[in-house]
Amino acid sequence: MSNHYITDDDEADDLPGYQKIDRYDPQLIDNLSAHYKDILTQLGEDPEREGLLKTPERVAKAMLYLTHGYKLDAKAILTSALFKEDYSQMVIVKDIEVYSMCEHHMLPFFGKAHIAYIPNGHVVGLSKIPRVVDIYSRRLQVQERLTNEIRDCIQETLKPIGVGVVMECRHLCMCMRGVQKQNSVTTTSAFTGGFLQEKTRAEFLNLISSKLS
Ligand SMILES: Nc1nc2c(ncn2[C@@H]2O[C@H](COP(=O)(O)OP(=O)(O)OP(=O)(O)O)[C@@H](O)[C@H]2O)c(=O)[nH]1
Ligand SMILES: [Zn+2]
């Protein structure tokens, strides 16, 4: 894989597929900038006015960052930190921030992901779970597919007894335009294995709804 994009995360170079953000391909930035300059003109703006001079390049870089997940391999990230461990209770990482872009309007949707799995001989390094969320979020998405992709990645890599994913997001395409519902939150969920049983799923849902004291 080449041309991977990620923020200036200090760990970036140690993770499979990650590179630092200052390694954007300059030709790609130039191409995208030219398109955004044209879009500004088509929108009735003057791309030569002072405040907009660097805007096409800024937008190009921002969009590359907001879609850098295409270049990353979530399964490789998880596989890089599997540890043999005799722990077979539910592991939950909750309240993981999510920032994604809806594929219909290319406007942000954002909120939280709550992820659980029941280990089957291996646990995964905890930080890798939010990294998986980021890799699938930083693409053009619909919330349902994002939820399923996270579930499938964890299930296929860790092969746990079960995986549960719940996501709660606000979609700006529903707030700042269109139907203009400022407070609506969309909840999606995806489960495998043990989480298909009502008791296990109820325990997960109960634990993610309880607040830390
Ligand atoms: N299922 C799903 N729909 C989404 C998501 N993000 C945005 N949408 C919806 O995608 C739909 C696109 O519908 P269209 O009728 O083609 O587009 P539109 O005319 O801009 O629709 P409005 O937003 O109702 O104005 C809208 O209903 C959005 O609310 C998502 O993550 N999941
Ligand atoms: Zn949308």
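Predicted model: local features only at pLDDT ≥ 70, side-chain atom pairs only at ≥ 80, totals over all residues.
Residues are numbered from 1 along each chain as its sequence is written, and chains are lettered from A and ligands numbered from 1 in the order in which they are written.

**Domains**

- The protein is divided into domain 1 (12-70) and domain 2 (74-209), with bounds that come from an automatic or database domain assignment.
- The centres of the two domains, taken over C-alpha atoms, are 28 Å apart, and their contact takes eight residues from domain 1 and eleven residues from domain 2, where contact means C-beta atoms, placed from the backbone, within 7 Å.
- On the side of domain 1 that touches domain 2 there are four nonpolar, four polar and no charged residues; Ala, Val, Leu, Ile, Met, Phe, Trp, Tyr, Cys and Pro count as nonpolar, Asp, Glu, Lys and Arg as charged, and the others, Gly among them, as polar.

**Helix α1**

- Helices (H or I, at least four residues) and strands (E, at least two) are DSSP runs numbered from the N terminus.
- Helix α1 (residues 26-42) has 17 residues and should span 24 Å at 1.5 Å a residue, which agrees with the 24 Å between its end C-alpha atoms; the expected span is 1.5 Å times one less than the number of residues.
- Of the 17 residues of α1, one is buried, so the helix is hardly covered; buried means 20 or more other C-beta atoms, placed from the backbone, within 10 Å of a residue's own, exposed means 12 or fewer, and partly exposed lies in between.
- After α1 comes G44, which has a positive phi near 95 degrees.

- Around ligand 1 are C102, H104, V142, Q143, E144, H171, C173, M174, G178 and V179, each with its C-beta atom, placed from the backbone, within 6 Å.
- Two or more residues of this shell come from each of α5 (143-158) and α6 (172-175).
- By class, the shell holds five nonpolar, four polar and one charged residue.

**Annotated positions**

- The unreviewed UniProt entry gives the annotation "binding site" to C102, H105 and C173, and such annotations may be inferred rather than shown by experiment.
- These positions are spread over 72 residues of sequence, yet they cluster in space, with a largest C-alpha distance of 7.9 Å.
- H105 lies in the loop between β2 (91-102) and β3 (108-118) and is partly exposed because 16 other C-beta atoms are within 10 Å.
- C173, in helix α6, is partly exposed, with 16 other C-beta atoms within 10 Å; leaving aside neighbours within four places in sequence, C173 is in contact with C102, H104, H105, L107 and G178.

Terms used
Contact = placed C-beta atoms within 7 Å.
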